[in-house]
Amino acid sequence: MAEGPDFETALPEAGRFEALTPLVRRLVAPNASPFTASGTCTYVVGRGQVAVIDPGPEDPGHLDRLLGGLAGETVAQVVVTHTHRDHSPGARLLKARTGAPIVGCGPHRAARALGAGELPMLDASADREHRPDRELAEGEEISGPGWTLEAVGTPGHTMNHLAFALPEENALFSGDHVMAWSTSVVAPPDGSMRAYMASLDKLRTRDEAVYWPGHGGPVRDPRRFVRGLAHHRRQREAAIRARIAAGDADIGAIVAAIYQGLNPRLTGAAMLSVFAHLEDLVERGAVLSDGPVRIDGRYRPA
């Protein structure tokens, strides 16, 4: 792929409980925003005895609609991809209402400790109350009648991020790691660009035919799309290095130069993305930092 990925502008409708395939149904939570598209995608896997993936935010109304659509069926497993507040708090509500165990990712953890004077910039988005009944490791499975979910470690967006393969339909629930509508936010210290890129490389070795992401519609031709995502990030890294070579020494100046026309509500996310790239570049010795690597630091060519 010579260019970055072709992002999809069509988004699924919130509040509509719909069958996507013989084994997969979806209900989008009503939490639309510039960061969540039309809302968090809650998936139901199986029929009769089902797994629910990412019950979403702490929204009883969303769970009312979900359980209404599952009348006569049993929620056997509550599965969580990662601990952001738009994905995991609903798991505790769903467990309380159904008795189903929470499985999947472990408790929230950061990629590194906070530096001196550094603030946890996305702390409000982290669900630090998440405690699964069973934490799944790479390759571990849960199953039900006619379906299997296999854990695939995909750290980067968060360090506990898991995707889940559904071999019966050659599909992958990709959480927030790969989405068709946008790139994933990678924000230190919770996220890591190096881990994110390694997880993209890992997915490129897999052969699923479709991804069902945490926001937006399906990712078709995922191997091609993932190559495009990796290329897009490499282009972003090259642009950052070029701006530093041109004399832009701080993240604000870099963002203003390379994110022209950006929605102002996304400026903070863009700054965090550039910070994630700079953290990786400094670790690799490709860029130098005048002092600790911080979002308010100053940077220069190596």
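Reader: How many salt bridges are counted here?
Author: This is a predicted model, in which local features need pLDDT of at least 70 and side-chain atom pairs count only at pLDDT 80 or more, while totals for chains, interfaces and linings use all residues. Residues are numbered from 1 along each chain as its sequence is written, and side-chain values use heavy atoms, with hydrogens and water left out. Side chains of opposite charge can pair when their charged atoms come close. A salt bridge is a side-chain nitrogen of Lys or Arg within 4 Å of a carboxyl oxygen of Asp or Glu, and by this rule the count is 18.

Reader: Which residue meets the side chain of Glu18 in a salt bridge?
Author: Glu18 counts as buried because its relative accessibility is 15%, where buried means under 20% relative accessible area, exposed over 50% and partly exposed in between (1.4 Å probe, protein chains only). Arg26 is buried as well, with a relative accessible area of 6%. The salt bridge is 2.7 Å from N to O, and the partner of Glu18 in it is Arg26.

Reader: How many residues apart in sequence are Arg92 and Glu129?
Author: Arg92 is partly exposed, at 26% relative accessibility, whereas Glu129 counts as exposed at 54%. Their side chains meet in a salt bridge of 3.9 Å, N to O. Since Arg92 lies in helix α2 and Glu129 in the loop between β6 and β7, the pair ties together parts whose separation in residues is 37.

Reader: Which residue in the hairpin of β8 and β9 takes a positive phi?
Author: Strands β8 (residues 141–144) and β9 (residues 147–153) pair in the antiparallel sense over 4 bridges, where two strands pair if DSSP finds at least two bridges between them. Glu141 stands opposite Glu150 in β9. The hairpin has 2 residues between the strands, and the residue with a positive phi near 80 degrees is Gly146.

Reader: Which strands are at the edges of the open sheet?
Author: The open sheet is formed by 6 strands in the order β8-β9-β10-β11-β12-β13, with mixed pairing. An edge strand pairs on one side only, and this holds for β8 and β13 (219–220).

Reader: What is the bridge partner of Phe173 in β12?
Author: Strand β11 (residues 171–175) and strand β12 (residues 210–213) run parallel and are joined by 4 bridges. Among the residues paired, Phe173 has as its partner in β12 the residue Trp212.

Reader: Which helix gives the most to the lining of the largest pocket?
Author: On a 1 Å grid over the protein atoms alone, a pocket is an open set of points where a 1.4 Å probe fits, with protein on both sides within 12 Å along at least five of seven lines, and lining residues have an atom within 4 Å of a point. The largest pocket holds about 780 Å³ of space, and of its 30 lining residues the closest to the centre are Phe35, Thr183, Ser184, Val185 and Ala269. Both α4 (222–245) and α6 (267–283) supply at least two residues of the lining. With 6 residues, the helix that gives the most is α6.

Reader: How far apart in space are the C-alpha atoms of Ser88 and Asp54?
Author: Ser88 has its place in the loop between β5 (74–80) and α2. Ser88 counts as buried because its relative accessible area is 0%. Although Ser88 and Asp54 are 34 residues apart in sequence, their separation from C-alpha to C-alpha is 6.0 Å.

Notes: Grid points are joined across faces, edges and corners, and a volume is the space filled by probe spheres set on the points.
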